[in-house]
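Dear colleague,

Please find below the structure that I am handing over to you.

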Amino acid sequence: MIPRYIADFDLQSLPRMKTDVAVVGAGIAGLYTALQTSEYADVVLISKKGLDDSNTRWAQGGIAAVTAKSDSPALHRQDTLIAGAGLCSYEAVEVLVHEGPERLKELIAYGTEFDRDEQGQYELTQEGAHSKRRILHANGDATGAEIVRALSKRVMEQPNIRVLEHHFAIDVVTQDGECVGVIVQKPEGDMFFLEAKATVLATGGAGQLYRYTTNPDIATADGIGIAYRAGARIKDVEFIQFHPTALYYPGAPRFLISEAVRGEGAILRNSNGDRFMDKYHPQKELAPRDIVARAIVSEMEQTKSSFVYLDITHEPEELIKRRFPTIYNFCLQYGLDMVTDWIPVAPACHYIMGGVQTDLNGETTTRRLFACGEASCTGVHGANRLASNSLSEAVVFGHRIAQRIKQLPELPDIRPVRAVSEYREARKFSTREQRVKLQKLMLRHVGVKRDEKGLLKALTELERMGRFYQYAAQDRETFEFLNLLNAAVLTTRAALLREESRGGHYRNDFPNKDDLLWRKHLIQTFADGVQEECGKNDVE
C-alpha cells in the first residue's frame, strides 16, 4: 500500500545542492543539533514553515534536569522508569539523567534565559510523577518560546548554517542501505536533491493524527513517514500521550494548560464540582499523565460531560499571574479568569512516545540517517513520557548525534535513482477533507481508550484510504496527509496487536498490564512488516 517514494523524481535531472549535514526540522532538536554539528561541518537546516514554527515553541512546562543539591540522577532515573511502565531502556535513561545537566548548561550558554528567584537561583517547579522540583522554566510558562528564540538567534549567526525556510523534505534517498540525501520541495513547488553525508530527522511529533491536539498544524508525522519508507525501524508507535488538561471551551483551540499548573497546586473537579483524582492514584493530580487522562475520561463518561474543571482559584493571584502569564492571558481572551474561574479542560493528543528507532547515538537502522527529538524513539520514554523529559532528550541526543556524525566516512559515489511510478493517477482529491476524516477516525477508535472492534474498523478504513498513494502528490499539504496516513496505519496496527494496557496504550478489552506476554516492543519496517522484540534493557 505504501510506496517507497511519495513523489516522482529522476535524480539525474534534478538540481542538486551539497552539504555535510542536512537537518530537517527547526524545533529544539533541529536547532540544537545544527548548532552542535556546525562546529566542524557545513549544515543545511530545512524548516517547512518559518524558523519559529515548531512544537518546541508551544512547550510551556519546562526542561527536566538535575540541578538542585537535594536531587540526584538516581532519583530522576527512578521517576523516568516508573512513568515508562516497564518499557524504558535503562541505558538510554542513564544517558539522559547523567548528561542532561551538561546539555542544560550549553542551552544557557547559547543564550536561553531561564527564570530565577529573588536570590538569583534558577527557579524550579515540580510536575506530574516527579519526586523533586527539577523543572527549569522561562517567562513563567513560555519555556519553549524562549529556547527557540535563543537557538534561532544563534543559528542565524553561524556562517556555515544555511537555513531554508518554507521548504519541505519529501523523502530521503538511499542506496545500499544508507541515506545519501534528501528530496526537498521549494516554496514555489520545484524539487531539488540535497546531497548530505548525514541526514537528521528532527521533524517533531504526530499530533495532527487526532482531531484534538495541543500540537500546531505542522506536527504531521513527517519523520516517521520518511524513515519508514527508507527502511528504518519504527518502534512503539501505539503509545500516544494524551495531555490531561487542554482547554475545552466554545470557540477556543485546544490550548495546552501546562502540567505545571497542577504542580503549583491546581486540582481537578468533575462537572459536579467534586474533586476526584484521589479515587484513581495516590499522587492524585500529579500522577503520570496517562493515569490522569484516563481518570478524566472516566469522570466525563460517568457525569455525561465533555469536560472537567481545573481549579487553581485557591492559590494567590500573584502566583498565578507570575507563573502562568501565557495561560492566564490566553484564557482571559475567552472570558475565563484563572484567578476566579474553574477552567474547563479535556484530554488532547500531545506526544508520541514511539517513533524512528535509534541507538544511543541517534542513528537509525538506515545508515547515515539519524532521528532526534519527538520524531525518534531512543528508549527514554518507554510506554509513557515523564513530564518535561522531551526537551532534555532532544539536547542530550542531539549532542550525541553531532559527535557520531563527526566519525562518519565520506559519502560514496551516488548512483542514478529514477523513482517514477507508472501507476500514479494524475488526479487530485480534497486533502483537507480526507485529513479531517482520518483525524476523526483516530479520535474515535485509537484514542485514550481502545478495543479490538474499534481498532479493526479504523484499520480497515485507513487501508481503504491507501488508494490516495496512487495519486500524483504535488503540494506540501498532500505530502503531509500521506505521512499522517502512514503513521496512522502503523499506530493502529500496533495498538491492535498489543493485547494489554500499558502507559499511553489502554485497551478496554485488555485492561491490565501483562508483563509475561507483553514486556516487549513492536517494531515495524517497510520490508518486513511487524516484529516483536523483547527489551533486554527495559526495567521497571
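Predicted model: local features only at pLDDT ≥ 70, side-chain atom pairs only at ≥ 80, totals over all residues.

Four strands make up an open sheet, and their order is S13-S16-S15-S14, with antiparallel pairing. S13 and S14 (267-269) are the edge strands, each of them pairing on one side only. From one strand to the next the twist averages 45°.

Taking the pairs in turn, S13 (residues 240-247) is joined to S16 by 6 bridges, and the two run antiparallel. In this pairing Leu247 stands opposite Val345 of S16. S15 (residues 308-311) pairs with S16 over 3 bridges, again in the antiparallel sense, and here Tyr309 is opposite Pro344 of S16. S14 and S15 are likewise antiparallel and are joined by 3 bridges; Leu268 has Leu310 of S15 as its bridge partner.

How far is strand S16 covered? S16 (residues 343-352) is mostly covered, with 10 of its 10 residues buried.

The helices

Two packed helices are described by the angle between their axes and the distance between the axes. I give both values for two pairs, each of which involves helix H3.

H3 (residues 90-109) packs against H10 (residues 389-405) at an angle of about 85°, and their axes are 8 Å apart. The angle falls in the range of 65 to 115 degrees, and H3 and H10 are therefore roughly perpendicular to each other. On the H3 side the contact is made by Ala92, Val95, Leu96, Glu99, Gly100, Arg103, Glu106 and Leu107. H10 contributes Asn389, Ser392, Glu393, Val395, Val396, Phe397, His399 and Arg400. By class, the residues of this contact between H3 and H10 comprise 7 nonpolar, 4 polar and 5 charged.

H2 also packs against H3, at an angle of about 135° and with the axes 9 Å apart. H2 is therefore oblique to H3, and the crossing of the two helices is right-handed. Pro73, His76, Arg77, Thr80 and Leu81 of H2 meet Tyr90, Val93, Glu94, Val97 and His98 of H3 in this contact. The contact of H2 with H3 divides into 5 nonpolar, 3 polar and 2 charged residues.

Within H2 (residues 73-83), the buried residues are His76, Asp79, Thr80, Leu81 and Ala83. Of these, His76, Thr80 and Leu81 also take part in the contact with H3. Ala85 follows H2 and has a positive phi, near 55°.

Thr199 lies in strand S11 (residues 191-201). Its relative accessible area is 0%, so Thr199 is buried. Leaving aside residues up to four places away in sequence, Thr199 touches Ala22, Val24, Val172, Cys179, Gly181, Val182, Arg368, Leu369 and Phe370.

Ala494 belongs to helix H13 (residues 476-497). Why does Ala494 count as buried? Its relative accessibility is 1%, and a residue is taken as buried under 20%. Apart from residues up to four places away in sequence, Ala494 touches Glu238, Leu522 and Gln524. Ala494 and Asp236 are 258 residues apart along the chain, and their C-alpha atoms are separated by 7.7 Å.

With kind regards

Terms used
Residues numbered from 1 in each chain as written. Heavy atoms only, no water. Axes fitted to C-alpha atoms, helices over the stretch in contact; angles between N-to-C directions. Parallel < 35°, antiparallel > 145°, perpendicular 65-115°, else oblique. Contact = heavy atoms within 4.5 Å. Nonpolar A, V, L, I, M, F, W, Y, C, P; charged D, E, K, R; others polar. Buried < 20%, exposed > 50% of the residue type's maximum accessible area, 1.4 Å probe, protein only. Pairing = 2+ DSSP bridges. Left-handed = near helix turned anticlockwise from the far one by under 90°.
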